[in-house]
Amino acid sequence: MTVTQHRLRRLAGIARWLLLPCSLALLLPVFNRLLPPSSHTLAWGLDLAAHWQWLYAALWLVLCLLCATRTWQWLLAVPLALLPWFTASAPLPQADDGAPTLIISAANVHAGNRDPSPLIAWLRAQPADLVVLSELTPEYATALQSQLHDDYPYRALYPQQSPFGIGIVSRLPLDDIRPSIDSDGVQVLSARTRFEERPLRIIAAHPMPPLAPEWHGKRDALLRLIAKDTDASNTPVVLAGDLNATPWSSALIGVQRFGLRRATGLLPTWPSRNIGIPIDHILASRHWRGSEYTRGPDIGSDHVPVRAALSWADAGTGN
């Protein structure tokens with residue numbers, strides 16, 4: 001046996017021991033579905049670990065290939081690396097081709113960013129009807145308004161000298177604008193508009209990052225409250241922003257029970273320059289179908305902006 005073969009056998013032996021914890025990590029979103037809503041340490045820890053599904057999938061592939069150097073049958077386990085597609089929170093059903101589309105964009109512009117020019121250049125190249133902004137500071141908001149001109153004439157901007165400023169800019173008229181802020185400084189902003197002669201509510205949210213069990217519980221509770229209110233009122237809603245939750249988290253898995261589903265995908269949005277996780281989302285109520293999703297360019301933030309096209313669920317029926 002050569003030195004290389006000996007090393008491969010040793011690595012294969014180690015890999016076999018790592019397969020079990022790796023498989024459990026891939027199944028963490030399933031556990032999130034089974035646990036009741038909670039801010040306890042166990043639920044928080046499992047939820048944090050569940051975010052990194054692409055990392056676990058890559059590790060699973062490497063482990064299976066190492067094990068296959070000793071027993072080729074391990075290659076039969078490779079397809080389990082596809083689990084993240086099946087354990088993520090539910091996406092919106094696909095729209096029929098040709099239906100009129102509402103374009104929504106969401107961007108965390110970063111509280112330390114002072115230059116909105118890259119964002120504006122993207123919005124001019126890839127226009128949106130409604131744009132949700134997170135981490136909006138007074139300096140950025142002032143610069144944004146001076147450069148937007150008439151591209152997005154309707155604006156509801158509530159900047160803060162903190163990462164929790166928020167705003168909406170729009171090519172559609174906005175009314176019934178409702179800002180709210182909690183004792184921790186976290187803002188939620190909602191406004192009403194119309195698309196294809198039908199009313200809808202756009203909600204911008206940026207929950208506290210789940211860096212402790214308390215914040216994990218508050219994030220989940222905030223998103224559940226929005227989802228429950230939407231479900232109870234039967235109002236067409238789009239919720240967008242840096243939600244500090246991945247599609248495998250208890251937050252997004254929880255809100256789908258009340259009809260909010262992803263219009264965005266599973267590719268990372270934060271951090272923008274390293275191995276990341278998808279935490280910037282556009283969610284929509286059951287009144288909608290999704291037809292397109294893309295990620296935006298570098299806008300000087302540590303987040304990648306997202307863009308989605310939505311159509312009415314009954315657009316094909318003429319209702």
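S285 touches L92, T230, T235, P236, V237, G259 and L260, leaving aside residues up to four places away in sequence. Contact here means heavy atoms within 4.5 Å. This is a predicted model, in which local features need pLDDT of at least 70, side-chain atom pairs count only at pLDDT 80 or more, and totals for chains, interfaces and linings use all residues. Residues are numbered from 1 along each chain as its sequence is written, and side-chain values use heavy atoms, with hydrogens and water left out.

S285 sits in the loop between strand 10 (280-284) and strand 11 (288-295). Helices (H or I, at least four residues) and strands (E, at least two) are DSSP runs, numbered from the N terminus. With 2% relative accessibility, S285 counts as buried. Buried means under 20% relative accessible area, exposed means over 50%, and partly exposed lies in between (1.4 Å probe, protein chains only). D231 is 54 residues from S285 in sequence. In space the two are 8.0 Å apart, C-alpha to C-alpha.

P236, one of the residues that S285 touches, lies in the loop between helix 8 and strand 8 (237-242). P236 is also buried, at a relative accessible area of 13%. Apart from residues up to four places away in sequence, P236 touches P199, L200, R201, S285, H287, W288 and W312. V169 is 67 residues from P236 along the chain, and their C-alpha atoms are separated by 19 Å.

**I253 in helix 9**

I253 belongs to helix 9, which spans residues 250-255. I253 is buried, at 2% relative accessibility. The residues it touches are P29, N32, R33, T87, S89, P247 and W248, again not counting residues up to four places away in sequence. P29 is 224 residues from I253 along the chain. The C-alpha atoms of P29 and I253 are separated by 8.3 Å.

**Helix packing**

Two packed helices are described by the angle between their axes and the distance between the axes. Axes are lines fitted to C-alpha atoms, for helices over the stretch in contact, and angles run from 0 to 180 degrees between N-to-C directions. Angles under 35 degrees count as roughly parallel, over 145 as roughly antiparallel, 65 to 115 as roughly perpendicular and the rest as oblique.

| Helix pair | Axes come within | Crossing angle |
|---|---|---|
| Helix 6 (residues 117-125) and helix 7 (residues 138-148) | 10 Å | roughly 40 degrees |
| Helix 3 (residues 41-50) and helix 8 (residues 213-233) | 9 Å | roughly 75 degrees |

Helix 3 is therefore roughly perpendicular to helix 8. Helix 3 contributes T41, A43, W44 and D47 to the contact, and helix 8 contributes P213, H216 and R219. By class, these residues divide into 3 nonpolar, 2 polar and 2 charged. Ala, Val, Leu, Ile, Met, Phe, Trp, Tyr, Cys and Pro count as nonpolar, Asp, Glu, Lys and Arg as charged, and the others, Gly among them, as polar.

Helix 6 and helix 7 are oblique to each other. Their crossing is right-handed, which means that the near helix is turned clockwise from the far one by less than a right angle. S117, L119, I120 and R124 of helix 6 meet Y140, L144, Q147 and L148 of helix 7. This contact has 5 nonpolar, 2 polar and 1 charged residues.

**Cysteines**

A disulfide is a pair of cysteine sulfur atoms within 2.5 Å. By this rule the count is 0 disulfides. C64 is in no disulfide, and its nearest cysteine sulfur, that of C67, is 6.6 Å away. C64 is buried, at a relative accessible area of 0%. C67 is likewise in no disulfide. C67 is buried too, at 2%.

**Backbone exceptions**

Most residues other than glycine have a negative phi, and most peptide bonds are trans. Which residues here have a positive phi? N234 has phi near 55 degrees, and N244 has phi near 50 degrees. N234 is in the loop between helix 8 and strand 8. N234 is partly exposed, with a relative accessible area of 45%. N244 is in the loop between strand 8 and helix 9. N244 is buried, at 10%.

The peptide bond from W270 to P271 is cis, with omega near -15 degrees. P271 lies in the loop between strand 9 (261-262) and strand 10.
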